[in-house]
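Please load the model in your viewer and keep the sequence panel open beside it.

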Amino acid sequence: MSLERLIDNCKKKHAKAQEELYKRYASSLFSVCLKYASSYADAEDILQDTFIIIFDKVSQYKNQGSFEGWLKRIAINTALQRYRKAGVLNLINEENVSEVDVEVEEESVPLDYLLRIIQELPDRYRMVFNLYVLDGYSHKEISDLLEISEGTSKSNLARARKILKNKIEVSQDYTLNQSQNQ
């Protein structure tokens, strides 16, 4: 079934079309949810909420722009809304922190480790880091989404980078020491 027809059938609330849409996009949207969640189970809940919203609001999609981008934006907004309701995003104004440059040899950090330590970041830092670094939002857009100042967005990003850099350095030092002891 073509994407256009699938969307049209979802707008008509056809269960088979909704099932097909879920099958096509669940794994990619789960990856988005996992970036913003603090756990695997939390990501599953966010994904479920995301599809409820998608099926409810698919009639608002006007076939302009990328459908997958529209879905991704719903997943991100669903995750942010969940944390906003829980009070997690009541971010502290941290504008006095300067930007931190983090230089890491990408080949030396396994992707699964990097994803795990990103997920371990405090919620407010993880949200800003993911929005800025992984999803390409500007600090202005982040400030609007999270209802914080641009300076707070920048400082939260700097703190996230600093935490990640420290964890990576500790990991690399440990790996280096292990290889020297063999």
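Select Thr-78 to begin: its relative accessibility is 9%, so it counts as buried, where buried means under 20% relative accessible area, exposed over 50% and partly exposed in between (1.4 Å probe, protein chains only). This is a predicted model, in which local features need pLDDT of at least 70 and side-chain atom pairs count only at pLDDT 80 or more, while totals for chains, interfaces and linings use all residues. Residues are numbered from 1 along each chain as its sequence is written, and side-chain values use heavy atoms, with hydrogens and water left out.

Thr-78 belongs to helix H4 (residues 67-85); helices (H or I, at least four residues) and strands (E, at least two) are DSSP runs, numbered from the N terminus. Which residues does Thr-78 touch, not counting those up to four places away in sequence? They are Ile-46, Asp-49, Thr-50 and Ile-53, a contact being heavy atoms within 4.5 Å.

Asp-49 is partly exposed at a relative accessible area of 30%, and Arg-82 is partly exposed at 29%.

**Other salt bridges**

By the stated rule the count comes to 13 salt bridges.

- Lys-140 and Asp-144: the closest N and O atoms are 3.1 Å apart. Both residues lie in helix H7 (residues 139-146), four residues apart, or about one turn of the helix. Lys-140 is partly exposed at 43% relative accessible area, and Asp-144 is partly exposed at 48%.
- Arg-116 and Glu-120: the closest N and O atoms are 3.6 Å apart. Arg-116 is partly exposed at 46%, and Glu-120 is partly exposed at 42%.

**Helix H6 and its end**

Next, select residues 123-134, which form helix H6. H6 has 12 residues and reaches 15 Å from its first C-alpha to its last, close to the expected 16 Å; the expected span is 1.5 Å times one less than the number of residues. Which residues of H6 are buried? They are Tyr-125, Arg-126, Met-127, Val-128, Phe-129, Asn-130 and Leu-131.

Now show the surface of Tyr-132, Val-133 and Leu-134, which make a nonpolar surface patch of about 220 Å². Patches are made of residues with over 30% relative accessible area and no salt bridge, with like charges joined within 9 Å and nonpolar side chains (Val, Leu, Ile, Met, Phe, Trp, Tyr) within 5 Å. Accessible areas come from the Shrake-Rupley method with a 1.4 Å probe; for residues, only the protein chains shown count as cover. Tyr-132 is partly exposed, with a relative accessible area of 30%. H6 is followed by Gly-136, whose phi is positive, near 75 degrees.

**Two loop residues**

Most residues other than glycine have a negative phi. Select Lys-13, in the loop between helix H1 (3-11) and helix H2 (15-36): its phi is positive, near 65 degrees. Lys-13 is partly exposed at 49% relative accessible area. Then move to Asn-63, in the loop between H3 and H4, where phi is also positive, about 60 degrees. Asn-63 counts as partly exposed at 47% relative accessibility.

**The whole chain**

Return to the cartoon view and select everything. The chain has eight helices and zero strands, and buried residues make up 37% of its 182 residues. Among contacts between residues at least 6 apart in sequence, 71% join residues at least 24 apart.

Finally, colour by pLDDT, the predictor's confidence in each residue, from 0 to 100. The chain averages 85, and 82% of the residues score at least 70. Over residues 94-106 the pLDDT is below 50; this stretch has 28 contacts in the model beyond near neighbours in sequence.

Notes: A salt bridge is a side-chain nitrogen of Lys or Arg within 4 Å of a carboxyl oxygen of Asp or Glu.
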